[in-house]
Amino acid sequence: MAVYTAVDDLALTAFLHDYDIGDLLSAKGIAEGVENTNYVMMTTEGTYILTLYEQRVDAADLPFFLNLMNHCADKGIATPQPLPRKDGTLLGELCGRHAAIVTYLDGMATRKPKPLHCAELGRGLAAFHDATLDFGLRRPNALGVASWGPLFADSRDQADEVVPGLVALVDDELGVLNASWPTDLPQGVIHADLFPDNVFFIGDALSGLIDFYFACNDTLAYDLAICINAWCFEDDLAFNVTKARAMIQGYNAVRPLSAAERDALPLLCRGAALRFCLTRLHDWLRVPEDALVTPKDPRPYYERLRFHRSVSSATEYGL
Ligand SMILES: Nc1ncnc2c1ncn2[C@@H]1O[C@H](COP(=O)(O)OP(=O)(O)OP(=O)(O)O)[C@@H](O)[C@H]1O
Ligand SMILES: N[C@@H](CCO)C(=O)O
């Protein structure tokens, strides 16, 4: 559950005086999510999401995230739109935390994506990439290729206890990726964490993209590689080429991939699998005593990485 900061009605009513969104009717903490405190809030004007940013989010990054959502929502992408305060700013303070209010998006995340969902996601991701091309702010990827070596160094001693064979695999993979990571592919703003829990659908139609708190500037096709990892493997860890084909075709229909991007896809998928394997391993080994949430298992991403290492060309992703 993720309501780290309890907000009472008096504090919230006072906070809302700085907005033009009516009077408070109700506010309920949302259990999902692990990073921040979220409330679904109803006022006389409508339904909104109130987010209080907790310690792990760097306050200096908040203008990037909020302006990015605003930029995309203005362009018709299904991202939450931050509500401006009466002074025009997007960020306030509530209960000692930075806080913002964004529009509530209808729809539901799907736990078992079908190929149709993957095609929608591909189209939505490409539209998001296109919409960000003229976004003015920049944020480097703190979890990009250069970070993976140092990240692993912090967990290397215990890695084989979590997944036998992990040290040898990751050492080898870091050597390959550091030597051959593509640097000349089209760049832009990527979501960087577009897992099924961050995408809403109404029926089979995409209705919302949320959780922009890893968004950054990086290689656009790397974002697609993250989605292939997150959406196109079954619970038994088998790769589902039908889902990958649907996703890539959907993406390609909106933002055609260059030949260089297509060729790089196996390598980008390896990088994406390694990134989530390493961040999960890091968190797995450092569960706080009072943890409210179970850490995510690194093993499925170790298995994905082994799969991508066996791929010899992008055609194996259904291209
Ligand atoms: N704009 C929105 N419209 C509707 N529901 C939302 C919206 N934003 C967040 N939610 C709900 O709140 C939940 C938590 O949001 P989110 O995933 O952003 O949490 P977080 O703690 O910031 O991130 P993380 O998933 O990385 O832990 C979502 O699963 C969703 O149910
Ligand atoms: N999507 C991430 C978690 C936090 O964003 C993962 O599955 O490892």
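Predicted model: local features only at pLDDT ≥ 70, side-chain atom pairs only at ≥ 80, totals over all residues.
Visitor: Let's start with α6. How many residues does helix α6 have, and what is its reach from first C-alpha to last?

Guide: Helix α6 covers residues 166-180, so 15 residues by the DSSP run. Its end C-alpha atoms are 21 Å apart, close to the 21 Å expected at 1.5 Å a residue.

Visitor: Which residues of α6 are buried?

Guide: Start with the general idea: an α-helix has 3.6 residues a turn, so residues three or four places apart point the same way. Here the buried ones are Leu-166, Val-170 and Glu-173. Looking down the axis of α6, they fall within an arc of 65°, so they line one face of the helix.

Visitor: What do those buried residues pack against, and which exposed residues sit on the face turned away?

Guide: The buried residues pack against α4 (145-153), α5 (156-162), α9 (259-284) and α10 (299-309). The face turned away from the buried side of α6 carries exposed Ala-168, Asp-172, Gly-175 and Ala-179.

Visitor: Now a strand. Is Val-199 buried or exposed?

Guide: Count C-beta atoms within 10 Å; 20 or more others makes a residue buried. Val-199 has 28, so it's buried. This residue lies in strand β7 (residues 199-202). Leaving aside neighbours within four places in sequence, Val-199 is in contact with Ala-109, Leu-121, Leu-194, Leu-206 and Leu-209.

Visitor: And which residues surround ligand 2?

Guide: Asp-193, Phe-195, Phe-276, Arg-280 and Lys-296 do. Sorted by class, that shell has two nonpolar, no polar and three charged residues.

How values were computed. Residues numbered from 1 in each chain as written. Chains lettered and ligands numbered in written order. Near = placed C-beta within 6 Å. Nonpolar A, V, L, I, M, F, W, Y, C, P; charged D, E, K, R; others polar. Helix = DSSP H or I, 4+ residues; strand = E, 2+ residues; numbered from the N terminus. Expected span 1.5 Å × (residues − 1). Buried ≥ 20, exposed ≤ 12 C-beta atoms within 10 Å, placed from the backbone. Arc of directions from axis to C-beta. Contact = placed C-beta atoms within 7 Å.
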